[in-house]
Amino acid sequence: MTTASHKIFSFHGGLYLDEHKSISTSKRIESAPIPAMLVLPLSQHIGAAAKPCVAIGDSVLKGQLIAKADGRVSVPVHASSSGKVIAIEKRHVPHPSQLKAECIVIETDGRDTAIETEQKGLANYHSLSTDELRQRIHDAGIVGLGGAGFPSHVKLKPNGHHIETLILNAAECEPYISCDDMLMREQAPAIISGLRIMQQALHAKNCMIGIEDNKVEAYAALQEAIGDSDDIEIVRVPTRYPAGGERQLIYSLTGKQAPSQGRPLEIGIVCHNVGTAAAVHNAITKGEPLLSRIVTLTGSGIPQPRNMHVLLGTPIDDLLEHCRTHKENIGRTMIGGPMMGYILDSTTAPVTKTTNCVLVTHQRDIKKPETALPCIRCGECADVCPVNLLPQQLYWYARSQEFDHIQDYNLFDCIECGCCDVVCPSRIPLVQYFRFAKTTIWQQERNKEKSDKARNRHELRLERLEREKREKRERHNRKKAALKKEPDQKEDPKKAAILAAMKRVKEKQVATHVSPSNTENLNAEQQSKIDEADARRAEQHKDKNGS
Ligand code: SF4
Ligand code: SF4
């Protein structure tokens, strides 16, 4: 069912921006060639990085599990083509921090041989329980393909909440990016199938698809794919940036506000991206893990902008070469759009599950950075903020590093949409300040957590040492007392027998040699002998003297 008359709730702020989308939508989606080397980061999602389960030198097949999920909020990684593992090491990855991260590097063999999986696709998945559906989605390594990268199986768990509405985000509001638009035009039935599977997993009563009103062809394709189903509504929302922000789209479609720093789940709504829905369809009905995605290659630095179906792990350099991009003309390469994207330091970084767009700007179009001027408190930033924040206040506290105060102004509700940056007459890079403040607060919290853990460990160690000392002392005292005590045969018969034997020997010795009665007898005998000798001497003396 499509509803032209569905009431649209208008979110606060936002901007009407030049779209620049048509430059990449004139061609159909093209398949990128298999690269000579695949670089697959272990962390392509929010949560714990996956753990490698292959070693250097192993041969791998397309679709083979090469890294296992580590914990509840984590997903596995699969080989996106066949070949040999040649390294497991830190490489450049697409990330705002520009830091290198652990990757599994596969030298491809060009044969693209797929593994025989035990998990077969199920055209009729209705017999699967919700847990089985979620497990298959997890095992396929699916994450939010809109750019956030949150593991989809976690988002499909209602955690006791009753889910009234499942929303598919088809707005794709950021300038230049058109991968979702092209996916909807060419694979609308797969998207609707994925939507149905997610609806079953969530027991959602109804479904809505929110699409910007500039995507006429995609809208028509979706309309055709849903046929006369009356529990799916396709709702067109005004093309106003950031209409595709999760909270903004939910508000536009339902008039409901997700709680500050809470999740839409708490108001009975779950929102997924159209690309994620297509990946869920492939995982459940075909048994295919997430091995590829559609990427928009666009910008003034690319001679023929287009959308490509790319194997995960393909180096961005390979894609630029395929699009005949002259490296010497590149002024700047970004991942994502101009509003929420980030600059890429090295184009050796690979395409990951969250890479929706590679935006290359020609050197001639790079403007010199302008010097920021002091804030004049004009309030224009607050007027355009779609979250109703006070960016000038946030800026003030971020600049003076008053991180306690900044949180009172809901810093963590900021979606970093960049609207405030665009309108600021003083050209203050506000979003940079907000990112800096968020990163510093997270770092401080991590440090505090670490020092709390270290202190607890230290206190537990001291307690253990004290306990061991006490126990040792008690053992020693018990031993001493036992030695003093008459041996108890019942307690230690061996010891008692030895002591009794020793006692008997001692008694015998005493009786034979040193008893007081013996001593007395010997003394009497000796005495009488002495007496007799004395008497004889006296007699002899008398005879000698004649008396
Ligand atoms: S738009 Fe810029 S100058 Fe105006 S209040 Fe906001 S930060 Fe200050
Ligand atoms: S970047 Fe943050 S503060 Fe600025 S307009 Fe967007 S949400 Fe508001």
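**A walk through the predicted model**

Okay, let's start with helix α3, residues 179-202: it lies across β13, β14 and β17 (357-362), and it runs at about 125° to β13. That angle is between axes, which are lines fitted to C-alpha atoms, for helices over the stretch in contact, with angles from 0 to 180 degrees between N-to-C directions. Contact is when the C-beta atoms of two residues, placed from the backbone, lie within 7 Å. Helices (H or I, at least four residues) and strands (E, at least two) are DSSP runs, numbered from the N terminus.

Quick housekeeping. This is a predicted model, where local features need pLDDT of at least 70, side-chain atom pairs count only at pLDDT 80 or more, and totals for chains, interfaces and linings use all residues. Residues are numbered from 1 along each chain as its sequence is written, while chains are lettered from A and ligands numbered from 1 in the order in which they are written.

So what order do the strands of the open six-stranded sheet take? It goes β1-β14-β13-β17-β15-β16, with mixed pairing; two strands pair if DSSP finds at least two bridges between them. At the edges sit β1 (30-31) and β16 (342-343), each pairing on one side only. Strands β13 (292-298) and β14 (306-311) run antiparallel and are joined by six bridges, with V295 opposite M308 in β14.

Now, strand β12, residues 269-273. Why is it largely enclosed by the rest of the structure? Because five of its five residues are buried, where buried means 20 or more other C-beta atoms within 10 Å of a residue's own, C-beta atoms being placed from the backbone. On one side we have I269, C271 and N273, on the other V270 and H272, so to speak a cover on both faces. Its parallel partner is β9 (165-170), over five bridges, and N169 stands opposite N273.

On to ligand 2. It has 15 residues around it, with C385, C414, C417, C419 and C420 coming nearest; "around" here means a C-beta atom, placed from the backbone, within 6 Å.

We've got domain 1 (22-32 + 119-362) and domain 2 (375-457), with bounds from an automatic or database domain assignment. Their centres, taken over C-alpha atoms, are 28 Å apart. Seven residues of domain 1 are in contact with eight of domain 2.

Key:
Buried ≥ 20, exposed ≤ 12 C-beta atoms within 10 Å, placed from the backbone.
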